[in-house]
Amino acid sequence: MADKINTLFNALANNGWQGLLVTDPTHIYYLTGFASEPHERFLGLLLVSGEEPVLIVPALDEDKARESSSVSRIVTHTDTDNPYELLKGFIGGSMDAFAIEKEHVSVARYEALSTSVGARSYGDLGPVLREMRVRKSADEMQRLKHAVHLVEEVLRDGLTHVREGMTEVELVAELEYRMKKLGADGPSFDTTVLFGAKTSLPHGEPGTKKLTPGDLLMIDMGVYAGGYASDITRTFAFGSLSPELEKIYNTVLQANLAGIAAARPGVSCASVDQAARAVVEAAGYGPAFNHRVGHGLGLGIHEYPSLHGANEDPLVEGMVFTVEPGIYIAGKGGVRIEDDVLVTADGVEVLTSFPKDLKILA
């Protein structure tokens, strides 16, 4: 944790900032080891040049913060305190330049910060934190691999409970029960289970649709474990499929494999998307692949980078992302196959290992 704090102090010097404030709870956990969801209460990590870092937490979180935070200078505030006045006391006058997380700070909080900090300009801390988080450490990689292992155990166990006539939400309940039973902290996002023609909805919501023979069955889910997320999608057949749906499945599988094969250090994010998309387009389904091929994964279920066809940022060793091409045909169904991928020194390691050949469940 100390290395991460030192990186932020270096960012102060390199950018000409006199101070910075981290307010995203995910980043505070990343930097200090203290995990909290403060809701509307103020939570912040303050760094000022030449001073010891200060972690400002709600009073009800004091014991937890002192137990888990690598930052030893912890200050609390109650529900009747003004945390911005507290912040002002540690800054000690106006600053020329102060950095905040511009994507996280609301307008109301920015106005309150402007009054308490009084800086002449405000820099964006987001790119610094993004660059820090993109390269996963050995410990982070192990946590990610554990989260992947757990979600695949959940999927493997959950499939044994699939039966004709069950509803989408019933299968969701089975899967999320098993997440906790097998040791996950919980789902990393709302578990998606879709049957039949509803699989043509990339962001469809599970409901009371019942599973019938000939249906596609799509499961998109992930878990949090040790603070890190996994994300997997597999599509199955419940009974025999039509020739067109089989073609769609095999096309998506080849697109998934092509995207993974294109990934290695130094190539662009766009090239991964383009490799997968070329397979789908060659099969005549180009317009039916209507989203990017993947996204970064780590502390967040969606984080940098975004793997779309216009992103020329290079892949770097230690980056983790998804490869999840799909084809969606309204009224008929859709297929998506998603893997979690780690960039290594000379290629990639596919963290997800659940089989991808078309599996017929009944």
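In the predicted model, lysine 4 lies over the face of tyrosine 30, at 3.9 Å from the ring centre. A charge is taken to sit over a ring if NZ of Lys or CZ of Arg is within 6 Å of the ring centre and within 35 degrees of the ring normal. Arginine 277 is likewise placed over the face of phenylalanine 289, with 3.9 Å to the ring centre. The model is a predicted one, in which local features need pLDDT of at least 70 and side-chain atom pairs count only at pLDDT 80 or more, while totals for chains, interfaces and linings use all residues. Residues are numbered from 1 along each chain as its sequence is written, and side-chain values use heavy atoms, with hydrogens and water left out.

Arginine 277 is also one of the buried residues of helix H10, together with Cys269, Ala270, Val272, Asp273, Ala276 and Val280. Buried denotes under 20% relative accessible area, exposed over 50%, and partly exposed in between (1.4 Å probe, protein chains only). Helices (H or I, at least four residues) and strands (E, at least two) are DSSP runs, numbered from the N terminus. The 14 residues of H10 (residues 269-282) should span 20 Å at 1.5 Å a residue, and the end C-alpha atoms of this helix are 21 Å apart, which agrees. The expected span is 1.5 Å times one less than the number of residues. The cover over the buried residues of H10 includes helix H9 (243-262), strand S14 (303-307), S15 and strand S16 (326-329), where contact means heavy atoms within 4.5 Å. Glycine 284, which follows H10, has a positive phi near 90 degrees.

Strand S15 (residues 320-323) pairs with S18 in the antiparallel sense over four bridges; two strands pair if DSSP finds at least two bridges between them. Within strand S18 (residues 339-343), five of the five residues are buried, so this strand is largely enclosed by the rest of the structure. Asp339, Val341 and Val343 point one way from S18, Asp340 and Leu342 point the other way, and all are buried. Valine 341 stands opposite phenylalanine 321, and the bridge partner of valine 341 in S19 is valine 350. S18 and S19 run antiparallel and are joined by three bridges, with a hairpin of four residues leading from S18 to S19.

A search of the whole structure finds four aromatic pairs. Rings of Phe, Tyr and Trp (its six-membered ring) pair if their centres lie within 6.5 Å; planes under 30 degrees apart count as stacked, over 60 as edge-to-face and the rest as tilted. Phenylalanine 98 and tyrosine 122 form an edge-to-face pair, at 6.4 Å centre to centre and 80 degrees between the planes. This pair links distant parts of the chain, with phenylalanine 98 in strand S5 (residues 97-100) and tyrosine 122 in strand S6 (residues 121-124), 24 residues apart. Phenylalanine 98 and tyrosine 122 are buried. The centres of the phenylalanine 236 and phenylalanine 354 rings are 6.3 Å apart and the planes stand at 80 degrees, so this pair is edge-to-face. Phenylalanine 236 lies in strand S12 (residues 232-238) and phenylalanine 354 in the segment after strand S19 (348-350), so the pair ties together parts that are 118 residues apart in sequence. Phenylalanine 236 and phenylalanine 354 are both buried.

S5 pairs in the parallel sense with strand S1 (residues 19-22) over two bridges, where leucine 20 stands opposite alanine 99. The pairing of S5 with S6 is also parallel, over four bridges, and the partner of alanine 97 in S6 is serine 121.

Three strands form an open antiparallel sheet in the order S7-S10-S11. Strand S7 (186-187) and strand S11 (228-229) stand at the edges with a single partner strand each, so one side of each is left without a neighbour in the sheet. Strand S10 (residues 223-225) and S11 are paired over two bridges, with alanine 225 opposite tyrosine 228.

Histidine 77 is located in strand S4 (residues 74-77) and counts as buried at 5% relative accessibility. Apart from neighbours within four places in sequence, the contacts of histidine 77 include Arg41, Phe42, Ile56 and Pro83.
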